[in-house]
Amino acid sequence: AKVDAYANLLDSLVQADPYPIYSYGEFTTEVNRIKNFLSDRHSFLSNYSELNVSGLDILDVNYATNGQSKVPPNAGEGVQVSARFNGSAGLYKAFLYYGSGWVGAFQKVEMLDDGNHNDGVAGDGIYGADIPAFGAGTYVRYYIEAQANDSSLTATYMPQGAEHDVYIYQVKLNSANSDLVINEFMASNNNSVADSEGDFDDWIELYNLGSSSIDLGGYFLSDDGSKLTKWQFPIGTTIDANDYLIIWADNEGSQSSSAELHADFKISAGGEALYLLDRDSMLVDRIVFSDQISDQGYARVPNGIGSFTSQNPTFADNNDLATSVEEGLHAATSFVLYPNPSSTSVWVTLNRPSPNEQLKVYDIQGRLIKQLAVQKEMNIDLSNWAHGLYYVQYQGVSKKLIVQH
């Protein structure tokens, strides 16, 4: 049916082609040959014995840090992964594959039921293996392979799409005690303010809340959680007490000078995250945001200490001077989902968390499937959720969450 649908889209164009490289008759013949090939291939695979052997079911996949389930590790802490396996053939061997970053090779380690790998009691049917410690902020990917105890050692995987669909967690970032904050940024600058070259580029404003100057030489700024050292502040960069510093996010780092700083990335107006780290890779500040409005700043109000809101920009100045847009705009951005879509977990960041409110998640049929007491930042594990569309609701605002596996 799909071949016919595509052929119908092309049919009249092929007949009308003034410079054909084959005849219309050859076109229709090849359409039938494609359909015959697919039919023959389907028949062959359907009757191929090794492809019709049932593998094992991989159940109750979990990761834990120091015995605490689904708690991301700190730098220097390893993670223990466990699972159960079910099937008539029985388990021959199970393996855990893990790797750091979004891409790259995986390491392989056997999962054991010996009571020493967060697998409960030896011989209880729960198997475990360890993922070693990684540095702060590192994303770690992993998946599981189960080999059935049959003549083919039939393999199954969880997630089923491994290695392109995997479980992911992020090592926690250690936070620095600092008076420096990301105070405002603009991700869609059409004609608001230009740099020294006359370009209307994205920009980020830092603010020093403290009473003394801060040496920024060797600090890092990034929009990529998997590459936190994306752009480094030049040696000699400082920000005075109660002062502001602008970094142009225009992917033109070579333009940086003593008078103007340019980062090696641009900000996505569709939403992402910004990270500020000190020279020891300690997290100074992090902002997660959703869709941005052209020529509107996204700023802390009150200045330096408040939640972020969209308003008229206050480039290198106190954010309290701006006239905020209507409250409905703030309500629409009262919380952020990131990343979205996701297959493993989603971060929920609330602009104004209220201890009397709850965050609720509904499925596409409107059934309440999760309810959480609110915090400034929350992580929801999606690994066992069915793929599809969900709605996250907080303070009367609903946002779509797409779960992909």
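L10 is partly exposed, at 43% relative accessibility. The structure is a predicted model. L10 belongs to helix α1, which covers residues 2-16.

Charged pairs were examined next. Side chains of opposite charge can pair when their charged atoms come close. A search of the whole structure returns eight salt bridges. Among them are E30 with R33, D215 with R279, and D285 with R300.

The closest N and O atoms of E30 and R33 are 3.1 Å apart. E30 has a relative accessible area of 37%, so it is partly exposed. R33 reaches 54% relative accessibility and therefore counts as exposed; the cut-off for exposed is over 50%.

The salt bridge between D215 and R279 has an N to O distance of 3.8 Å. This pair links distant parts of the chain, 64 residues apart. D215 is in strand β12, residues 214-215. R279 is in the loop between β18 (272-277) and β19 (283-289). D215 is partly exposed, with a relative accessible area of 43%. R279 is also partly exposed, and its relative accessible area is 40%.

In the salt bridge between D285 and R300, the side chains meet at 2.8 Å, N to O. D285 lies in strand β19, whereas R300 lies in strand β20, residues 297-301. The pair therefore ties together parts that are 15 residues apart in sequence. D285 has a relative accessible area of 11%, so it is buried. R300 is buried as well, with a relative accessible area of 12%. Both assignments follow because buried means under 20% relative accessible area.

D215 and R279 bring together a strand and a loop. D285 and R300 connect strands β19 and β20.

Terms used: Residues numbered from 1 in each chain as written. Predicted model: local features only at pLDDT ≥ 70, side-chain atom pairs only at ≥ 80, totals over all residues. Heavy atoms only, no water. Helix = DSSP H or I, 4+ residues; strand = E, 2+ residues; numbered from the N terminus. Buried < 20%, exposed > 50% of the residue type's maximum accessible area, 1.4 Å probe, protein only. Salt bridge = Lys/Arg side-chain N within 4 Å of Asp/Glu carboxyl O.
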